[in-house]
Amino acid sequence: MTSYLQSLPGTGDGIVIDIGTGDGRFVSAAARANPNRFYIGIDANVKPLEKPSMKATRKPAKGGLPNAMFVQAAIEGLPEELDGIANEIHIHFPWGSLLQGLVLGDEKVLATLRRISSDDCVLEIVIGMDSERDGAELERLGIPFLTPVIIHSYLIPKYAAAGFELVEARGLKADEWARLETAWARRLRSGQGRTVNLLMFRVGSDKT
């Protein structure tokens, strides 16, 4: 993992949830490196979950991961069993409706993230956009290209209202985001002109 992930505020062993996990690379790599934490990968598309889920259920001697599981669910309908359990939530390179909800600061999406978070939860979001290559999709989703002004004047206040206090907001250099253990990061490594933003929050002390 990259240096900024290694410097995340400490959350003990805990439970880590990866939303929009895709083929589960991040969950599998992190679970293998941190056997005392439990990792849950969630994606709305069941197909990419089949392979990592099958691997995780193998015996540890054959590469199984007893501290990892995968769940098929959309952000709009996360199971109640996840309520209040997450010490960390990671969302790397979201797309489609998940990206839309996060960039617009949709109240239902943010309420869901707060619902599954514990009192000490850290929320880390990495969003990548290319104004030319992604322009048509951004227009279809009705979301703006993220600029520092939009992030600080519009988006961060939305998250604050939902109970998430800002820890860090900055652009990531190509050599940082390209090392993320995700399929999207691998596909986008050669892309030029892509802007990648890190948004990191912690659940506020007034969470009820």
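Eight bridges join β5 to β7, and the two strands run antiparallel. I count strands as DSSP runs of E with at least two residues and helices as runs of H or I with at least four, numbered from the N terminus. Two strands pair if DSSP finds at least two bridges between them.

I noted that the model is predicted, with local features needing pLDDT of at least 70 and side-chain atom pairs pLDDT 80 or more, while totals for chains, interfaces and linings use all residues. Residues are numbered from 1 along each chain as its sequence is written, and side-chain values use heavy atoms, without hydrogens and water.

Next I turned to β4. Six bridges join β4 to β5, in parallel. Ile-89 has Leu-123 of β5 as its bridge partner.

How many of the 13 residues of β5 are buried? I found 11, so β5 is largely enclosed by the rest of the structure. Buried means under 20% relative accessible area, exposed over 50%, partly exposed in between, with a 1.4 Å probe and protein chains only.

Last, I checked β1 (residues 15-19) and β2 (residues 38-43). They run parallel, joined by five bridges. Ile-17 has Ile-40 in β2 as its bridge partner.
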